[in-house]
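Please read the following account alongside the sequence and the three-dimensional structure.

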Amino acid sequence: MDDLLTETRRALEAVRSGRPETLADSHEVPAAHGSAADGLVTATITDGRLDSFMIDPRLMRLPSWELAEHVMTAVNEALDVLRGGQPAIGQPVDVDALASGLHEVQDRSIRQMAQMSQTLQDVVALLREPRR
């Protein structure tokens, strides 16, 4: 999971270093929506920025690597919509906002995995205790 998120963050950094120029005076504010996991993960990009992002709480039970894949799928789908024949964007996609969101997901996943690991260790310890 951590490797997957790290690789995604590297890809975002590569995009940062090669940002396209802002297109001139577009009056349209394009929006694109992406989703994954049957709509349980959604991302909306408006005016080149990540406008909204939602993960259904039920997905927080998934392994962190699987959750990260759903997040990437939803965001990439929204980006693909913007690149694939939608109105020209007035500003480049805010990669910093995407990276920040990805960093938050990574941190939350690490905390949740640590909590699950501790809970499993506690259960194993209880199982090993002699019965009275």
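How many salt bridges does the count come to by the rule used here? The rule asks for a side-chain nitrogen of Lys or Arg within 4 Å of a carboxyl oxygen of Asp or Glu, and the count comes to 1 salt bridge. This is a predicted model, in which local features need pLDDT of at least 70 and side-chain atom pairs count only at pLDDT 80 or more, while totals for chains, interfaces and linings use all residues. Residues are numbered from 1 along each chain as its sequence is written, and side-chain values use heavy atoms, with hydrogens and water left out.

The partners in the salt bridge are arginine 58 and aspartate 56, with 2.9 Å from N to O. Side chains of opposite charge can pair when their charged atoms come close. Arginine 58 counts as exposed because its relative accessibility is 53%, the limit for exposed being over 50%, for buried under 20%, and for partly exposed in between (1.4 Å probe, protein chains only). Aspartate 56, at a relative accessible area of 14%, is therefore buried.

The strands may be followed next. Helices (H or I, at least four residues) and strands (E, at least two) are DSSP runs, numbered from the N terminus, and two strands pair if DSSP finds at least two bridges between them. β1 and β2 pair in the antiparallel sense over 6 bridges. These two strands form a hairpin with 4 residues between them, and alanine 37 in the turn has a positive phi of about 55 degrees. Strand β3 (residues 49-55) is likewise antiparallel to β2, joined to it by 6 bridges. The hairpin of β2 and β3 has 2 residues between the strands, with aspartate 47 in the turn at a positive phi of about 55 degrees. Alanine 43 in β2 faces glycine 34 and also stands opposite phenylalanine 53 in β3. Threonine 42 stands opposite methionine 54 in β3.

Among the buried residues of α2 are Leu67, Val71, Val75, Ala78 and Leu82. An α-helix has 3.6 residues a turn, so residues three or four places apart point the same way.

Leucine 67 lies in helix α2 and is buried, with a relative accessible area of 2%. Leucine 67 and isoleucine 55 are 12 residues apart in sequence and 9.0 Å apart in space, C-alpha to C-alpha. Leaving aside residues up to four places away in sequence, leucine 67 has contacts (heavy atoms within 4.5 Å) with Ile55, Leu59, Met60 and Ser109.

A nonpolar core is a set of buried Ala, Val, Leu, Ile, Met, Phe, Trp, Tyr and Cys residues joined through side-chain atoms within 4.5 Å. The largest has 18 residues, of which Val41, Ile55 and Leu59 touch the most other members. At least two residues come from each of β1 (31-36), β2 (41-46), α2 (64-83) and α3 (95-128), and α2 gives the most, with 7 residues. In soluble globular proteins, nonpolar side chains tend to be buried together.

Confidence is expressed as pLDDT, the predictor's confidence in each residue from 0 to 100. The mean pLDDT of the protein is 77, and 70% of its residues reach 70 or more. Over residues 19-26 pLDDT stays under 50, and the model has 13 contacts there beyond four places in sequence.
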